[in-house]
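Here's a quick briefing on a single protein chain. Have a look at the fold first, then we'll go through charges, overall shape and aromatic pairs.

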Amino acid sequence: MLDKARTDLIDTVRGLSETDARSRLVPSLTTPISLIKHATFAERMWFQRTLGQLTDDACDGPLWTHGGFEVGEDETVIEVIAEFERASARARSVAAPIPLGDTCEHPHTGATVSLRWIYVSMTAEFARHAGHGDILREQIEARR
């Protein structure tokens, strides 16, 4: 289900122009492209930092203080999707040898969570963001 939620989230931005992917239709920094970048942050925070106990430097990319919601002018949709897919692949490899019931401590909050909890939480988060992305895309396409 997590892989399906990942794919559904990517599908909300795939095919949008660079301008449309950056369309801000709500007061927050939420845009179609920022939802993908934020998901990259979540993959790194939960699977690499929390589950894998990797240092920030050992993660496959940055853990932005803004949670990934800021997208640089030089970042393209294709690049942001590719970065998310790399982080997702790394998450799968980190999680593969770990039993579902094994627990770990979140490095910033101190909360103890299991791999099962991380899977459920990430599936829910990505599905929720895919819904946000669907609504944003519908609004963008209605403006054309």
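For charges, Lys and Arg count as positive and Asp and Glu as negative, with His and the chain ends not counted; a charge is placed at NZ of Lys, CZ of Arg, CG of Asp or CD of Glu. On that basis the protein chain has 16 positive and 22 negative side chains, and the centres of the two sets lie 2 Å apart. Keep in mind that this is a predicted model, where local features need pLDDT of at least 70, side-chain atom pairs need 80 or more, and totals for chains, interfaces and linings use all residues. Residues are numbered from 1 along each chain as its sequence is written, and side-chain values use heavy atoms, leaving out hydrogens and water.

**Fold**
- The protein chain runs α-α-α-α-β-β-α, with helices (H or I, at least four residues) and strands (E, at least two) taken as DSSP runs numbered from the N terminus.
- Buried residues (under 20% relative accessible area; exposed is over 50%, partly exposed in between; 1.4 Å probe, protein chains only) make up 47% of the 144 residues.

**Aromatic pairs**
- The structure holds 3 aromatic pairs: Phe, Tyr or Trp rings (six-membered ring for Trp) with centres within 6.5 Å, stacked under 30 degrees between planes, edge-to-face over 60, tilted otherwise.
- One of them is Trp46 with Trp117, tilted at 5.2 Å centre to centre and 55° between the planes.
- Trp46 sits in helix α3 and Trp117 in helix α5, so this pair ties together parts 71 residues apart in sequence.
- Trp46 is buried at 17% relative accessible area, while Trp117 is partly exposed at 41%.
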